[in-house]
Amino acid sequence: MKNSKTRTLCEAAMLIALAQILSYIKLYEFPNGGSVDCAMVPIILFAVRHGCGWGAGVGFVYGFLQYFAGNGFAIDWTTIICDYFLAYTLLGFGAGLLPRKSWSVYAGTVIGGVLRFLAHYVIGAVVWGKWMPDTFFGMTMTSPWFYSLLYNGSYMLPDILICLVIFALLYKPLKKYFTAADLQG
């Protein structure tokens, strides 16, 4: 079956919905919005299957939903744009950059996760750093860049690792979906 736009849009809608549902199942939630969950899995899977353009679009839509339907937390328009729209657009874009190979889902997870982290990291230091606490994780905070690294790294690293573990566990039964073999011919 040829890969049609209708099929791609339907798959995008289903995986965005799944990501939104998974975002409500939090393993841990920080103050001001950071959380550990497995909501990145459907976004990454879609991006790996359909490429960086479609992946960026799905990431953008998911970021929109996260802010407006997921009780997003922001202090001004820059945090809305960077922590939601830009961060998730970069996740989808980065995850879809590589060709559809057996290792793409793992490399895409790392690339997309790192790009998402960088968006959170920069806005965290530049904007959120103004509200940096005196201590975080028992350490005295003197630099907004270090605070942002600790804060955003403490949920992004587990998120990336959770995605890698889930993909490793599901790889064998779902290999044709991870490599987009079901979309060929």
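The following exercises, with worked solutions, concern a predicted model.

Residues are numbered from 1 along each chain as its sequence is written, and side-chain values use heavy atoms, without hydrogens and water. Local features need pLDDT of at least 70 and side-chain atom pairs count only at pLDDT 80 or more, whereas totals for chains, interfaces and linings use all residues.

**Exercise 1. Cysteines**

Task: Determine how many disulfides the model holds.

Solution. 
Step 1. A disulfide is taken as a pair of cysteine sulfur atoms within 2.5 Å.
Step 2. Under this criterion the count is zero disulfides.
Step 3. Cys163 illustrates the result: its nearest cysteine sulfur, that of Cys38, is 7.3 Å away.
Step 4. Burial is judged by relative accessible area (buried under 20%, exposed over 50%, partly exposed in between; 1.4 Å probe, protein chains only). Cys163 counts as buried because its relative accessibility is 0%; Cys82, at 19%, also counts as buried.

**Exercise 2. Aromatic pairs**

Task: Classify the geometry of the pairs Phe30 with Phe137 and Phe73 with Trp128.

Solution. 
Step 1. Rings of Phe, Tyr and Trp (its six-membered ring) pair if their centres lie within 6.5 Å; planes under 30 degrees apart are stacked, over 60 edge-to-face, and the rest tilted. The structure holds 21 aromatic pairs.
Step 2. The ring centres of Phe30 and Phe137 are 6.4 Å apart and the planes stand at 75°, so this pair is edge-to-face.
Step 3. Secondary structure follows DSSP runs (helices H or I, at least four residues; strands E, at least two), numbered from the N terminus. Phe30 lies in the loop between β1 (28-29) and β2 (35-36), Phe137 in the loop between β3 and β4, and the two are 107 residues apart.
Step 4. Phe73 and Trp128 are stacked, with 5.7 Å centre to centre and 20° between the planes.
Step 5. Because Phe73 is in the loop between α3 (52-68) and α4 (77-95) and Trp128 in the loop between α5 (104-126) and β3, this pair ties together parts 55 residues apart in sequence.
Step 6. Phe73 is partly exposed at 37% relative accessibility, while Trp128 is buried at 12%.
Step 7. Phe30 and Phe137 also belong to one aromatic cluster, together with Tyr28, Phe136, Tyr147, Tyr151 and Tyr155.

**Exercise 3. A nonpolar patch and positive phi**

Task: State which residues make the nonpolar surface patch, and examine the phi values of Phe137 and Ala180.

Solution. 
Step 1. The patch of about 360 Å² is made by Phe137, Met139, Phe146 and Leu149.
Step 2. Met139 belongs to strand β4 (residues 139-140) and is partly exposed at 34% relative accessibility.
Step 3. Most residues other than glycine have a negative phi.
Step 4. Phe137, in the loop between β3 (135-136) and β4, has a positive phi near 55°.
Step 5. Ala180, in the segment after α6 (144-178), has a positive phi of about 60°. Ala180 is buried, with a relative accessible area of 0%.

**Exercise 4. Arg116**

Solution. 
Step 1. Arg116 is placed in helix α5.

Key
Patch = residues over 30% accessible without salt bridge, like charges linked within 9 Å, V, L, I, M, F, W, Y side chains within 5 Å. Areas by Shrake-Rupley, 256 points an atom, 1.4 Å probe, with all protein chains shown as cover. Salt bridge = Lys/Arg side-chain N within 4 Å of Asp/Glu carboxyl O.
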